[in-house]
Amino acid sequence: MMNHHLIDEGGGTPTMHSNQGAHSGHHDQSEMVEVKDLTGDISAPSDKKFVLVAEQKEITLQSGKKVKAWVYNGTIAPQLRVKEGEMIEIKLENKDIESGVTIHWHGYNVPNAMDGVPGMTQDAVKPGESFTYKFRANQVGTYWFHSHQQSSEQVQRGLFGSLIVDPKNETEPIDEDITVIDHIWQTDQDKTMSFSLFDERQLNQIEPGKRVRLRIINADNLSRKYLLQGVDYKIISIDGVPIKNPGQISDKTALRVAAGGRYDVVFTMPSNPVLFKIGDSNDDQSPSIIFNKNSNTGKVVFTE
C-alpha cells in the first residue's frame, strides 16, 4: 500500500513494521509486536454488544428509485448508540461482499488493531468470516463508521452508519435528537442525493418549545452546504468536539460541512415551520426536512 521503510511510531512499542527492524538493526525482532496485537486493554467485559452483517441488498428510495446497495443489517445507516466510558463490542460479519469488508471508526480514537484499515491494521473480512472490534468509548459526540476496504466504492454503495456517544452527564437537555446522514446514491435512473432513504421532502412533527439537536453527517467525499431556515440556531459541536460558548446564528444562514465531517446544531422549535435542506436560500434541491407542529405540509411556504 505504501513505503513503510521510515515509520515514526512516537516512541511507543515497536511493531513488525517499525523501520524494517530486521534490516536497520534498530530493534530486535523478538521484542516487536504485530499491529493486530495492539488492542489496548480490552480485558473488561463489554457493556454493549452489536452485530453488523454486511450484505448486498436492493433498496428503494423515497422517490421509488432503486439502488443495488451494500448495507449493514439490511438497512441504510444503522446507528450504534452508547454512553461515555462504556466498553463496546461490535462483531462484523460478511455475508456476501466478495471483496471483503472492514469497519473504520471515522474520527474516533481507537487502539490500532481496532482501526479497520485492511492491509495496515487488519485483514479484510471475507464472505463467511467475521471480526470483532472492542474498545472503550471515551470520546463523546457524533461520529460515523464505514468500510475501509476499497472505501471509495463501498461507502458509495452504502456500507456506513453512525456512532453516537452520549455523555455520562448531559449538560444541555434535548427533547428531540435527530441524526441526518447525507449521501449520494447511484440509482437505476441517476445519481441521487438523499438523507438515508429520503431523497425528497420529509416531515418531522415537533411541538413548539421542544429543544432539537440535529446531528449532521456528510458521508460524501466533497464538502456540502446546508441551510436551516425558520429559526435561529447554534452549532454546539464540530467533528465531535464541543464548541465553548457557541454564539447564536441567524435564520437562513447556510453552513458548510467538510467531507466526512459532522456538525451538531441545536435550536428551539418555534410555532412556525422550520426547513432543513441541502444548499442555501438560492437553491431548491432535494432532499429536505420540514419540522412542523402538525402533519400538514401542503401549505408551508418559506419566504426569502
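**Briefing: sheets, cores and salt bridges**

K65 is buried, at a relative accessible area of 15% (buried means under 20%, exposed over 50%, partly exposed in between, with a 1.4 Å probe and protein chains only). Its salt-bridge partner is D190, at 3.0 Å from N to O (a salt bridge puts a side-chain nitrogen of Lys or Arg within 4 Å of a carboxyl oxygen of Asp or Glu). This is a predicted model: local features need pLDDT of at least 70, side-chain atom pairs count only at pLDDT 80 or more, and totals for chains, interfaces and linings use all residues. Residues are numbered from 1 along each chain as its sequence is written, and side-chain values use heavy atoms, leaving out hydrogens and water.

**Salt bridges**

- The whole structure holds 14 salt bridges.
- D190 sits in the loop between β9 (176-186) and β10 (191-195), and K65 in the loop between β1 and β2, so their pair ties together parts 125 residues apart in sequence. Strands here are DSSP runs (E, at least two residues), numbered from the N terminus.
- D190 is partly exposed, with a relative accessible area of 32%.
- R81 and D177 form a salt bridge, with the closest N and O atoms 2.9 Å apart. R81 belongs to strand β3 and D177 to strand β9, 96 residues apart.
- R81 is partly exposed at 28% relative accessibility, and D177 is partly exposed at 29%.
- D182 and R224 meet through their side chains in a salt bridge of 3.1 Å, N to O. D182 lies in strand β9 and R224 in strand β13 (residues 224-229), so this pair ties together parts 42 residues apart in sequence.
- D182 is buried, with a relative accessible area of 1%. R224 is buried too, at 13%.

**Four-stranded sheet**

- The order in this open sheet of four strands is β3-β8-β7-β5, and the pairing is mixed (two strands pair if DSSP finds at least two bridges between them).
- β3 (79-83) and β5 (104-106) are the edge strands; each has a single partner strand, so one side of each lacks a neighbour in the sheet.
- From one strand to the next, the twist averages 25° (axes are lines fitted to C-alpha atoms, and angles run from 0 to 180 degrees between N-to-C directions).
- β3 runs parallel to strand β8 (residues 160-166), joined by five bridges. Q79 is opposite S162 in β8.

**Antiparallel pairs around β14**

- Strand β14 (residues 234-238) pairs antiparallel with strand β17 (residues 262-268) over four bridges. Y263 in β17 is the bridge partner of I238.
- β14 also pairs antiparallel with strand β15 (residues 241-242), over two bridges. Here I238 stands opposite V241.
- β14 and β15 make a hairpin with two residues between them. In the turn, D239 has a positive phi of about 55°.

**Nonpolar cores**

- The largest nonpolar core has 26 residues, and I90, I103, W105 and Y108 have the most contacts inside it (a core is a set of buried Ala, Val, Leu, Ile, Met, Phe, Trp, Tyr and Cys residues joined through side-chain atoms within 4.5 Å).
- Elements giving two or more residues to this core include β1 (48-60), β2 (66-72), β4 (87-94), β6 (130-136) and β7 (141-146).
- Another core, of 24 residues, lies apart from it; I178, F195, M269 and F276 are among its members.
- Y108 touches F135, R136, A137, N138, Q139, Y143, L163 and V165, leaving aside residues up to four places away in sequence (contact means heavy atoms within 4.5 Å).
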